[in-house]
Amino acid sequence: MRTQKRPIHAVSMWVRRQPPKVKAFLAVVSGMAALVLLRVIVNDHDNLFVAAEAVHSIGISVLIYKLTKEKTCAGLSLKSQELTAIFLAVRLYCSFVMEYDIHTLLDLATLATTLWVIYMIRFKLKSSYMEDKDNFVIYYVVVPCAVLALCIHPTTSHNLLNRISWAFCVYLEAVSVLPQLRVMQNTKIVEPFTAHYVFALGVARFLSCAHWVLQVLDSRGRLLVALGYGLWPSMVLISEIVQTFILADFCYYYIKSVFGGQLVLRLPSGVV
């Protein structure tokens, strides 16, 4: 068992000793390598989007288990769940009035689950809620997202309010996990179920990002044109990439912890 840990530990220690620029370069190279691998092994890139939804569902299932079986919401951010409920509600409205499809039903199920989680944290398990650790000011992300949506939104033929609402939910989704990361940063120790949930979010965001990036590459940029003109197509892609990179650092320490045989994830100072 020790011989299996040594190479991973050696690589981990080497990466930690590198300056920030080298770490950023390694992260970019790793991401590009993963995209190339996915492009080779996945024939239909729409399957990546389905896989992202499936992994997200697994994360939600872990969260439900934590709340129902463990009877505690310690380590969870109520504000992150509230931001998730906001962007899901807005996206659900946009789906109904703009393009009703299977994703509308998936968003409805996710919103219902998120509202149940909010209810459990606020009322049933309030005694275990770490309110002092969940100190992220949500206006810091809601207001900028709203302003950005007013300035940069789709240029389709839909109603202006609907286009602005769609842009708002895209931007808000990209940063909705920030309060959860703040809670983990404040506590420094992340118990297993919360770590599994956030890691599932990270994997889902990466698969979703890979789906969009590969679609753009395969269409040779025509997909961006189909989304509209101006800055909006680029902002959609940037939002997907931002979601992925926000969680990349946490996912690195999660994988390192799992391979190291640690049940509790300990985050060093400065992470997220």
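Glutamate 191 is partly exposed, with a relative accessible area of 23%; on this scale buried means under 20%, exposed over 50%, and partly exposed in between, taken with a 1.4 Å probe and protein chains only. The model is a predicted one, in which local features need pLDDT of at least 70, side-chain atom pairs count only at pLDDT 80 or more, and totals for chains, interfaces and linings use all residues. Residues are numbered from 1 along each chain as its sequence is written, and side-chain values use heavy atoms, with hydrogens and water left out.

**Glutamate 191 and helix H9**

Glutamate 191 forms a salt bridge with lysine 66, and their closest N and O atoms are 2.9 Å apart. The term salt bridge stands for a side-chain nitrogen of Lys or Arg within 4 Å of a carboxyl oxygen of Asp or Glu. This pair links distant parts of the chain, 125 residues apart: lysine 66 is in helix H3 (residues 46-69), and glutamate 191 is in the loop between strand S1 (189-190) and H9. Helices (H or I, at least four residues) and strands (E, at least two) are DSSP runs, numbered from the N terminus. Lysine 66 counts as buried because its relative accessible area is 2%.

Glutamate 191 also caps the N-terminal end of H9, where one of its side-chain oxygens lies 3.1 Å from the backbone nitrogen of phenylalanine 193. Helix H9 covers residues 192-218, and its 27 residues should span 39 Å at 1.5 Å a residue; the expected span is 1.5 Å times one less than the number of residues. The end C-alpha atoms of H9 are 38 Å apart, which agrees.

**Salt bridges**

The structure holds 4 salt bridges. Side chains of opposite charge can pair when their charged atoms come close.

| Pair | N to O distance |
|---|---|
| Lysine 66 and glutamate 191 | 2.9 Å |
| Glutamate 82 and arginine 122 | 2.7 Å |
| Arginine 91 and aspartate 107 | 2.9 Å |

The side chains of glutamate 82 and arginine 122 meet in a salt bridge. This pair also links distant parts of the chain, with glutamate 82 in helix H4 (residues 78-98) and arginine 122 in helix H5, 40 residues apart. Glutamate 82 counts as buried at 18% relative accessibility, whereas arginine 122 is partly exposed at 41%.

A salt bridge also joins the side chains of arginine 91 and aspartate 107. Arginine 91 is in helix H4 and aspartate 107 in helix H5, 16 residues apart. Both of these residues are buried. Together with Glu173, they are linked in a network of salt bridges.

**Helix H7**

Glutamate 173 lies in helix H7 (residues 160-175) and is buried, at 16% relative accessibility. Its side chain makes a polar contact with the side chain of arginine 91 at 3.1 Å. A polar contact is a pair of N or O atoms within 3.5 Å; within protein, one must be able to donate a hydrogen and the other to accept it, and residues adjacent in sequence count only if both atoms are side-chain atoms. Not counting residues up to four places away in sequence, glutamate 173 touches Phe87, Arg91, Arg205 and Gln243; contact means heavy atoms within 4.5 Å.

Leucine 172 is also placed in helix H7, and its relative accessibility of 0% makes it buried. Apart from residues up to four places away in sequence, leucine 172 touches Leu83, Ile86, Phe87, Val141, Val142 and Cys145. The C-alpha atoms of leucine 172 and valine 142 are separated by 6.8 Å, although the two are 30 residues apart along the chain.

Threonine 114 lies in helix H5 and is buried, at 5% relative accessibility. Leaving aside neighbours within four places in sequence, its contacts are Gln81, Thr84, Ala85 and Leu88.

Valine 137 sits in the loop between helix H5 (102-124) and helix H6 (139-151). Valine 137 is partly exposed, at 32% relative accessibility.

**The chain overall**

The protein chain has 11 helices and 2 strands. Buried residues make up 42% of its 272 residues. Of the contacts with a separation of 6 or more, 76% are between residues 24 or more positions apart.
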